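Hi everyone, thanks for coming. Let me walk you through a model, and please have the viewer open while I talk.

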Amino acid sequence: MNLSYWDIAIVLIYVIGVLALGFYLSKKSSKNLESYFLGGNQLPWYYLGLSNASGMFDISGTMWTVGILFVYGLKSAWLPWIWPVWNQVFVFVYLAIWMRRSNVMTGAEWISFRFGDGKGAKLSHIIIVIFAVISVLGFIAYFFEGIGKYCTSILPWDLAFHFLGYEVSSARSYALIVCGLTSLYTVKGGMHSVVATEVMQFIIMTIACFGVGIVAYNMVGAGQIEAAVPGGWKQLFFGWQLDLDWSNTAFPQVTNKIKSDGFDLFGILFVLMVLKGIFASIAGPVPSYDMQRVLATRTPAEAAKMSFLTICVLYIPRYFMIVGFAVLSLVFLGPELTAMGSQIDFEQVLPLAINKFLPVGLKGLMLAGFLAAFMGTFAAFVNSAPAYIVNDIYKKYINPGAPDKKLVQLSILSSLAMVVVGIFFGFNASSLNTLILWLSSALYGGYVAANVLKWIWWRFTGNGYFWGMLFGLIASTTKLFFFPEYVDIFVFPFIFGFSMLGCIVGTFLEPLPNKEQVKVFYKQTKPWGFWGPIKKEVMVEDPNFIPNMDFKRDSFNIAVGIVWQMAQVVIPIYFMLRENTEMVIWCGILLLTSYLLKKYWWNHLEKTA
C-alpha cells in the first residue's frame, strides 16, 4: 500500500496520543482492585457506553461484515443474528439492571453471589473462571494473528528479522509492536486508561466511517450497483430458500462462498437464529469486557443507559462504512477479485478498497481508525481477565486478607502474563488452532442453558450450573471433532438440549443448598421468572418487598428494541443504494420505536432500577 507522509503522520500522532492519554490517567487506577478493574464505579455511563462500542468495533468483524454484505446484500443484515447481535437489547432493557444490583466485580464473583458456598457453588465458580481466562487467551491469540495480517496488507514496510536462529515474519513483528504498545497503557492504567483511550478511539473511528461513506456515495451510482449484483440482492426479506444466483454476474465464484457457508436454506437458518438468540440473550453477556462495563457503572439505571448508548452510537456509522467498502468493491475491484481465482479472499477486500479509493489524509485516518478498533478490543480483553485471576482465585482462595497495593501489583503482573501467554499462542496459531478452537467453541457451546436458568429458576443450584456447563462442553466437543462439517447454528438445539439435561440432573442430585443465599440474591436482584417459593418466603419476611412484575413490559421493549436496532443497520445501506422509499420507511420505524422505548422503557428506568 502506498502511504503519503500525511497518512503516516496521522497514524503516528494517533499512537503517541493514545499512549500519552493512557499513561496520564494511570495513577487513578492504583488505589485498589475496584479502581483498577472498575474505575472505582465512578466513570460516567456515557463514557462507558462509548468505550463499550469501541470494544465491539473490531477489525475481523468488520472484514467479515463487508464480505457478507458483498455476497448476500440486504439479507446480510440478518446474519449477525447468529451470535445474536441484539443480545445488547436484552442487556439494556433489564439484564444490566439485574447485574449491577449485585455490586460484584466479576462474572465469577456474581456466581458466588447467586449460589453461595458449598461444593456445587465452588465448582460453578471455578468453571466460570476457567471459561473467562481461556476465552481471553484465545481472543488474544487470534487478535495477534489477525492484526499482523492486517498490518502487512496495509503498511509498506517489511519488518521481518531473525532472532536466535528463529525467523520472525513481518506480520508477527507488526503484531508484537501493536500488542506491546496497547499492553503498555492497558496494564499500567487499568480501567481508567482503557475507557479514556477507547473514547478517543471511537471518535476517530466514527469520523473515518463517515469519511468512507461519503467517498463511496460520491463515487458509486445506483445504476452501477444494480449492474454488479444479482436479482434479489437488494431485498431484505426472504423465503425458505436464499434464491441468490451469482452465476451470471462478474463474480460467479461467489456461488462457492454461499455453498461453503451453508446458508442456502435461509428460512430454516433464520428460525434457528431466533431460537438460539432468545436463549443466548436471556443467558446474558459472557464474563468479558461487556459485563465488566456494566459492573463498572455507578448505579443500575446507569448500567442500562450505558448499554442503550452502545447501540445508539455504533451501528449507523459502522454500517455507513461497511456498505461504502462493499459497493466500492462490487463496482471497481472486479479485476483484483477475479484474479484470486475460484475463491475470493474476502479478508483482502477491505485493504484493497482502502488502498485504491481513499484519498490522502482519509487513508491515514482510516488506518488509525482500524488500529484504534484493534487496540480498543485488545485492551478491553486484557483488562477484563486478570480480575478473575486476582479477585476470584488469589483473593478468594489463597490470601483473602491481601492489602490493596499487593492486589493491584498482582493485577498488573496477571495482565502481563495473560498477554505473554496469548501472544505465545498467537506465534503457534497454526499448531494450536484446533486446541484454541476446541476450548473456546466448546465452552461457549455449554454456556447458554446454565446461564438462562441461573436468572429465572429458584431451584437451580451451583451443582446444576456446573453439570450443565460440563454437559455442554461434552456436546460441543463431540460436534467439533466428529461432525465438523455441520454449521454450528444447525446443531445448537442438540447442544442446548444436552446441556439442559445436565442442568436438570445436577440440580436434583441434592436438596437446595444455601436457601438463605438464594433469598438474598432474589431480594437484591429482583428478577422475574419462576421464583414462587422464594418470593413467598421473602414477602413474608419483608412485607414491604415489591416483586418484579415487569415481564410483559420487558418483553414488549425487547421486541421494539430489536426492530429499533435493525433500523439502524439497514438505513445506511438503503441510503447508499439510493433506495429512498425503503430508507424513509425505516427512518419512520426508527422514530416510532425510539418513541416507544422512551415511553415504555426510559420513563420507567429510574423507578424499576
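One definition before we look around: a residue is buried under 20% relative accessible area, exposed over 50%, and partly exposed in between. And please keep in mind that this is a predicted model.

Is leucine 501 buried, exposed or partly exposed? Its relative accessible area is 43%, so leucine 501 is partly exposed. You will find leucine 501 in helix H22. Leucine 501 also belongs to a nonpolar surface patch of about 520 Å², together with Trp467, Ile474, Phe498, Val505 and Leu509. Two helices each supply at least two residues of that patch, H21 (462-482) and H22 (488-507). Which one gives the most? That would be H22, with 3 residues.

Now zoom out to the whole chain. We have 26 helices and 2 strands here. The C-alpha atoms fill a box of roughly 70 × 60 × 50 Å along the principal axes. For 609 residues, a compact globule would have a radius of gyration near 25 Å, and this chain comes in at 24 Å, so the two agree. As for burial, 59% of the 609 residues count as buried.

Leucine 3 is placed in the segment before helix H1 (5-24). With a relative accessible area of 18%, leucine 3 is buried, because the cut-off is under 20%. Look for lysine 363 while you are there: leucine 3 and lysine 363 are 360 residues apart in sequence, yet their C-alpha atoms are 8.0 Å apart in space.

On to the rings. In general, a pair of aromatic rings is described by the distance of the centres and the angle of the planes. The count for this model comes to 49 aromatic pairs. Take tryptophan 98 and tryptophan 455: the ring centres are 5.7 Å apart and the planes stand at 50 degrees, so this pair is tilted. This pair links distant parts of the chain, with tryptophan 98 in helix H5 (residues 87-100) and tryptophan 455 in helix H20 (residues 447-456), 357 residues apart. Tryptophan 98 is buried, at 2% relative accessible area. Tryptophan 455 counts as buried too, with a relative accessibility of 2%.

The charged end of arginine 578 sits over the ring of tyrosine 217, 3.8 Å from the centre. Lysine 396 lies over the face of tyrosine 397, and there the distance to the ring centre is 5.7 Å.

Side chains of opposite charge can pair when their charged atoms come close.

Start with lysine 515 and glutamate 537, where the closest N and O atoms are 2.5 Å apart. The partners come from distant parts of the chain: lysine 515 is in helix H23 (residues 515-525) and glutamate 537 in helix H24 (residues 532-541), 22 residues apart. Lysine 515 is partly exposed at 32% relative accessibility, and glutamate 537 is partly exposed at 26%.

Next, lysine 519 and glutamate 541 meet in a salt bridge at 2.5 Å, N to O. Here again helix H23 supplies the lysine and helix H24 the glutamate, 22 residues apart.

Lysine 523 lies in helix H23, while aspartate 542 is in the loop between H24 and helix H25 (551-577), so the bridge ties together parts 19 residues apart in sequence. Lysine 523 is partly exposed at 39%, and aspartate 542 counts as buried at 19%.

Finally, shared partners join Lys515, Glu516, Lys519, Glu537 and Glu541 into one network of salt bridges.

Key. Residues numbered from 1 in each chain as written. Predicted model: local features only at pLDDT ≥ 70, side-chain atom pairs only at ≥ 80, totals over all residues. Heavy atoms only, no water. Patch = residues over 30% accessible without salt bridge, like charges linked within 9 Å, V, L, I, M, F, W, Y side chains within 5 Å. Areas by Shrake-Rupley, 256 points an atom, 1.4 Å probe, with all protein chains shown as cover. Salt bridge = Lys/Arg side-chain N within 4 Å of Asp/Glu carboxyl O. Helix = DSSP H or I, 4+ residues; strand = E, 2+ residues; numbered from the N terminus. Buried < 20%, exposed > 50% of the residue type's maximum accessible area, 1.4 Å probe, protein only. Phe/Tyr/Trp six-rings, centres within 6.5 Å; stacked < 30°, edge-to-face > 60°. Lys NZ or Arg CZ within 6 Å of the ring centre and 35° of its normal. Rg over C-alpha atoms; globule rule 2.2 N^0.38 Å.
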